[in-house]
Amino acid sequence: SPCHRAKAVMQFFEQHRRRISVLWLPKYSPDLNPQEQVWKDMKFDVCHNYMFGTANKLAWGIRGYFRRLEPGRVMSFCSPDYLFGKL
């Protein structure tokens, strides 16, 4: 997104280069986006091989998934090993 490379953002990165390491990703790379991995995991956990009778039941299934979702699970989608394979 152009806003990520705006002058103010680039100046911020430059000022904090000792504390922040920027990893520029390809423009379209959902496989590297942890949010997309959470959605993929949710769809597998909630919907895989199951037919909900109503949209309301599906919504309750999704809510249940996010209530059970633990921070460590989300963090695992952000690990370099998960994103890039074993380094």
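1. The axes of helix α2 (residues 34–47) and helix α3 (residues 55–68) come within 10 Å of one another and cross at roughly 120°. This makes α2 oblique to α3; angles under 35 degrees count as roughly parallel, over 145 as roughly antiparallel, 65 to 115 as roughly perpendicular, and the rest as oblique. Axes are lines fitted to C-alpha atoms, for helices over the stretch in contact, with angles from 0 to 180 degrees between N-to-C directions. The crossing of α2 and α3 is right-handed, that is, the near helix is turned clockwise from the far one by less than a right angle.

2. This is a predicted model, in which local features need pLDDT of at least 70 and side-chain atom pairs count only at pLDDT 80 or more, whereas totals for chains, interfaces and linings use all residues. Residues are numbered from 1 along each chain as its sequence is written, and side-chain values use heavy atoms, leaving out hydrogens and water.

3. On the α2 side, Val 38, Trp 39, Asp 41, Met 42, Asp 45, Val 46 and Cys 47 meet Leu 58, Gly 61, Ile 62, Tyr 65, Phe 66 and Arg 68 of α3 (contact: heavy atoms within 4.5 Å). By class, this contact has nine nonpolar, one polar and three charged residues. Ala, Val, Leu, Ile, Met, Phe, Trp, Tyr, Cys and Pro count as nonpolar, Asp, Glu, Lys and Arg as charged, and the others, Gly among them, as polar.

4. The protein chain has five helices and zero strands, in the order α-α-α-α-α along the sequence. Helices (H or I, at least four residues) and strands (E, at least two) are DSSP runs numbered from the N terminus.

5. Of the 87 residues in the protein chain, 15% count as buried (under 20% relative accessible area; exposed is over 50%, partly exposed in between, with a 1.4 Å probe and protein chains only). Among contacts between residues at least 6 apart in sequence, 37% join residues at least 24 apart.

6. Val 74 lies in helix α4 (residues 71–76) and is partly exposed, at a relative accessible area of 28%. Leaving aside residues up to four places away in sequence, Val 74 touches Val 38 and Leu 69. Val 74 and Gln 37 are 37 residues apart in sequence and 8.6 Å apart in space, C-alpha to C-alpha.

7. Asn 49 is placed in the loop between α2 and α3. Phi of Asn 49 is near 60°, a positive value in a residue other than glycine. Asn 49 counts as exposed, at 75% relative accessibility.
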